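Please read the following report alongside the sequence and the model, turning to each named position as it comes up.

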Amino acid sequence: MTVDPKTLPREDREALLRWRLALGPEAEKSGACPSLGALADMAGTVGLGADALAELDGALSFVYGDPRGGRGGSQPRIPQWLAALRDFFQEDVVALVQKDAIERRDLTQLLFEPETLPFLEKNVELVTTLVSARNLIPDQAKDIARQIVREVVEELRKKLESTVRMAVFGALRRDMTSPLPIARNIDWKRTIRHNLKGWDAANQRLVPERFYFWPNQQKRHEWDVTLVVDQSGSMAESVVYSSVMAAIFASLNVLRTRLVLFDTEVVDMTPVLADPVEVLFSAQLGGGTDIHRAVAYAMEHHVDRPEKTLFLLVTDLFEGGDAGQLVARLRQLVESHAKVLCLLALSDSGTPSYDQGLAQQLTALGIPCFGCTPRKLVEVVERVMRHQDLSSLVESTREKHHG
């Protein structure tokens, strides 16, 4: 028997409305939950007018309702549905519901319609969807899809580029002295530290034997940065961020940057890494994994001065190839004095899922294995180039992801 909401206290009617919206139209069939119309007088408690309740209910039940019947089984026009979501929710919630719709209702092909694409919430998740299913995009929508990917990528790059430049150039300046003995270029800290033996106690002054100077210009290719990135489906977000970071690194003349994508095959993206959109539309984002094969390729083609190489292996370590050979190769790389890091994820999405056994083996070799946000990677790169210990930074990253 359905409860008459008019007999209930206001607080209970408000709670019933929220439960009814959360559970969807199917809740009314049980007979224990009042109809949405019977609770319309409480619409103001959720920030809506009574006439908007049904619209909100339809927008949510389309995604979360029972697809076998009722309103949950109907299919609204996607642009109107997305517009309604924006009326009801903030940007982060819209993005979440959109992602759920793609996964739960298999809307990928519908989302590629030209009239739908401009309405989509532009974020990394949408980029991975567009790229991974790009073969489904109709010809008339391909230009729009590529433009959306470029907008998201350029926004990510804009947020990260200045931070990367400051970190890298700041780190390298401290490792170099200037060939130009100009007063404004004096590195006072280094000059004092190296001339303490010239302290004249009687006259309370320092008599330096040598002055040290900051450089006026950076040398080209001070470091090699090699990114070897797993493009299996579980690493899709990491591929997006890796492509952006590789493009930023490549824009710095003090770094020589290489980018390799892999699944069971290896694709060297170095010739096009300056354009992350081109990289992404060349990625497969799915399939198996042969990490050993990719590492072997990168070592052969892109590690020629290991002591000045930062080797970033971006993978969840679920190896489909020869794990023993992979460990042996990485041991060889470490023994050559390359700086090797394994990023189990390069994303903002939290704790990565990864092969813990293989991660422990790599850690035993001295290879830090951790999930990392793009901004945290900037700190990691800076510390490596300053020859500083990474353990505290890696530990704080692990605590954040597992806390």
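Predicted model: local features only at pLDDT ≥ 70, side-chain atom pairs only at ≥ 80, totals over all residues.

Residues are numbered from 1 along each chain as its sequence is written, and side-chain values use heavy atoms, with hydrogens and water left out.

**Sheet.** Six strands form an open sheet with mixed pairing, in the order S5-S4-S3-S6-S7-S8; strands (E, at least two residues) and helices (H or I, at least four) are DSSP runs numbered from the N terminus, and two strands pair if DSSP finds at least two bridges between them. Strand S5 (266-268) and strand S8 (369-372) are the edge strands, each pairing on one side only. Strand S4 (residues 255-262) pairs with S5 in the antiparallel sense over three bridges, and Leu261 stands opposite Val267 in S5.

**Cores.** A nonpolar core is a set of buried Ala, Val, Leu, Ile, Met, Phe, Trp, Tyr and Cys residues joined through side-chain atoms within 4.5 Å, where buried means under 20% relative accessible area, exposed over 50% and partly exposed in between (1.4 Å probe, protein chains only). The largest nonpolar core has 80 residues, and Trp81, Val149 and Leu377 are among those with the most contacts inside it. Helix H8 (residues 142-173) gives the largest share of this core, 13 residues. A second, separate core of 25 residues includes Ile291, Val295, Val340 and Cys342.

**Helix H7.** Helix H7 (residues 124-132) is mostly covered, with seven of its nine residues buried; among them are Val124, Leu126 and Leu130.

**Salt bridges.** The structure holds 15 salt bridges, each being a side-chain nitrogen of Lys or Arg within 4 Å of a carboxyl oxygen of Asp or Glu. Three of them are listed here.

| Asp139 | Lys142 | 3.2 Å |

Asp139 is exposed, with a relative accessible area of 62%, whereas Lys142 counts as partly exposed at 41%. Asp304, in the loop between helix H12 (291-302) and S6, lies 48 residues apart from Arg256 in strand S4. Salt bridges that share partners join Asp224, Arg256, Asp304 and Arg305 into one network.
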